[in-house]
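Subject: Structure handover and findings

Hello,

Here is the structure we talked about passing on. My notes follow below it.

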Amino acid sequence: MYSAWQFEDYFNWINENGGINGHPVEAVVIDMRYDVSILRTAYKKEKDTGFLCGSSGACSVVFNTLGEFAAEDQIPFIQDCFHGIALYPPGWFFSLPTATDDKVAALADWILKDWKEPRKPRLALLMGDYGAGKGAMDANWYLEKQGIEVVIEEIVPLTVTDTTDHLTRVKDVNPDFIFDTLLITQQKLALKDRVRLGMQDIPWFNFYWTYGMVNSMIRPEEYDGYINLQSIAQSWQQDIPGVRFGDELWKAGGHEGDYAPAYLPLSSHMLMADALKRAMDKVGYENMNGKAVYDALTETKNFTADGLCSTANFSKEKTRGTDTVNFIQLHKDGPPTFIEKNVPCPWNLKLRAEAGIK
């Protein structure tokens with residue numbers, strides 16, 4: 001829900017400051033409740049009103065339901081995307097962060113860079129039971145090609161109340177590394193069980209976490225050593241202008257807390273506003289349509305959302321904006337630290353297609 005609040009707060013701020021080229025933005029929020037019929041009905045209604053661009057959180061059902069409609073109707077979507085199939089082949093869905101499978105590929109290359117053992121590294125995939133979560137398996141071909149052994153593909157239900165059984169199976173296959181796509185409620189359980197089962201010595205990586213939520217919902221001794229492949233800045237990085245702006249918007253919107261819960265939605269909203277302005281500059285207000293916004297998005301260069309993301313570039317052949325991640329580690333007795341910055345993310349599905357693998 002915080003993504004919708006940030007959407008409203010940001011475009012309210014845009015309108016209070018004169019709109020885009022003097023024109024207010026009508027920001028419509030739709031709660032689809034993960035119901036495909038509601039989503040389709042809402043899309044048709046808004047399409048008939050002439051909306052220019054869609055925005056969506058990291059929900060794979062949005063692309064799966066609207067991907068073909070968006071291309072047919074020429075309406076671009078900016079999605080906080082972790083599902084690689086939404087971005088390749090490139091179409092009308094755009095995303096600032098890289099997808100889950102791309103992050104798996106980045107981790108593989110990072111592991112192999114300093115691997116000294118005569119055997120293959122052993123990687124466990126601990127995945128949330130949702131589209132983008134299970135998308136980690138899309139990188140299995142890349143892992144095999146690079147020489148990394150996937151020793152288990154463990155899927156954790158979204159309604160899980162105990163992860164002991166899941167982690168026991170992971171522990172029993174003796175992995176060198178663990179990569180998870182768990183959501184915060186799953187992370188809370190898994191990291192607690194990780195300590196209880198004595199698994200802290202296994203380097204454990206996560207595709208996406210929100211620092212504020214992890215820090216408030218999980219004990220420091222349980223998240224100690226947890227590593228995130230970070231695409232978007234977090235609340236502990238108060239030196240970044242976009243983070244401070246996001247916090248100011250959050251507080252001005254009357255929401256609880258001094259820090260925004262996440263900055264990925266805000267970075268996407270900033271990208272939308274930037275594209276809307278450039279489209280209007282090019283074609284004029286009276287000629288604005290979805291195609292004009294799409295063209296502007298594909299011409300986006302050197303976009304950083306005031307430092308919230310690494311430099312993003314788009315084209316008609318590339319709707320994945322950023323190409324790197326930062327490896328960030330949590331500590332029980334101090335602030336997070338960078339293990340490594342700007343680690344390249346191979347574009348997994350593109351490479352797979354070029355290799356002739358379906």
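In which helix do Asp-165 and Arg-169 both lie, and how many residues apart are they? Both lie in helix H7 (residues 164-172), four residues apart, about one turn of the helix. Helices here are DSSP runs of H or I with at least four residues, strands are runs of E with at least two, and both are numbered from the N terminus.

Before the rest, two notes on the source. This is a predicted model, in which local features need pLDDT of at least 70 and side-chain atom pairs count only at pLDDT 80 or more, while totals for chains, interfaces and linings use all residues. Residues are numbered from 1 along each chain as its sequence is written, and side-chain values use heavy atoms, with hydrogens and water left out.

Salt bridges

The structure holds 19 salt bridges. The term means a side-chain nitrogen of Lys or Arg within 4 Å of a carboxyl oxygen of Asp or Glu. Side chains of opposite charge can pair when their charged atoms come close.

Asp-165 and Arg-169 form one of them, with their closest N and O atoms 2.5 Å apart. Asp-165 is partly exposed, at a relative accessible area of 45%. Arg-169 is partly exposed too, at 34%. The cut-offs for relative accessible area are under 20% for buried and over 50% for exposed, with partly exposed in between (1.4 Å probe, protein chains only).

Arg-196 and Asp-193 also meet in a salt bridge, at 3.1 Å from N to O. They sit three residues apart in helix H8 (residues 184-196), so about one helical turn separates them. Arg-196 counts as exposed at 51% relative accessibility. Asp-193 counts as buried at 7%.

Lys-277 pairs with Asp-281 at 3.0 Å, N to O. Both belong to helix H12 (residues 264-283), four residues apart, about one turn of the helix. Lys-277 is partly exposed at 39% relative accessibility, and Asp-281 is partly exposed at 47%. Elsewhere, salt bridges that share partners join Asp-102, Lys-318, Arg-320 and Asp-323 into one network.

Nonpolar cores

The largest nonpolar core has 84 residues. Such a core is a set of buried Ala, Val, Leu, Ile, Met, Phe, Trp, Tyr and Cys residues joined through side-chain atoms within 4.5 Å. The residues with the most contacts inside this one are Tyr-10, Leu-107, Phe-179, Phe-205, Leu-308 and Phe-327. H12 supplies the largest share of this core, ten residues. Another core lies apart from it, with 25 residues, among them Ala-124, Leu-191, Trp-209 and Ile-328.

What does Phe-205 touch? Not counting residues up to four places away in sequence, its contacts (heavy atoms within 4.5 Å) include Leu-107, Trp-110, Phe-177, Phe-179, Ile-227 and Phe-327. Asp-180 is also one of its contacts.

Helix packing

The axes of H1 and H12 come within 9 Å and cross at roughly 40 degrees. Axes are lines fitted to C-alpha atoms, for helices over the stretch in contact, and angles run from 0 to 180 degrees between N-to-C directions. H1 and H12 are therefore oblique to each other. On that scale, angles under 35 degrees count as roughly parallel, over 145 as roughly antiparallel, 65 to 115 as roughly perpendicular and the rest as oblique.

H1 gives Tyr-2, Ser-3, Gln-6, Phe-7, Tyr-10, Phe-11 and Ile-14 to the contact. H12 gives Pro-265, Leu-266, His-269, Met-270, Met-272 and Ala-273.

Backbone points to check

Most residues other than glycine have a negative phi, and most peptide bonds are trans.

- Tyr-88 and Pro-89 are joined by a cis peptide bond, with omega about 0 degrees. Pro-89 lies in the loop between strand S2 (77-79) and strand S3 (93-94).
- Asn-21 is not a glycine, yet has a positive phi of about 55 degrees. Asn-21 lies in the loop between helix H1 (2-16) and helix H2 (36-49) and is partly exposed at 37% relative accessibility.
- Ala-305 has a positive phi near 50 degrees. Ala-305 lies in the loop between helix H13 (290-298) and strand S9 (324-331) and is buried, at a relative accessible area of 2%.

Best wishes
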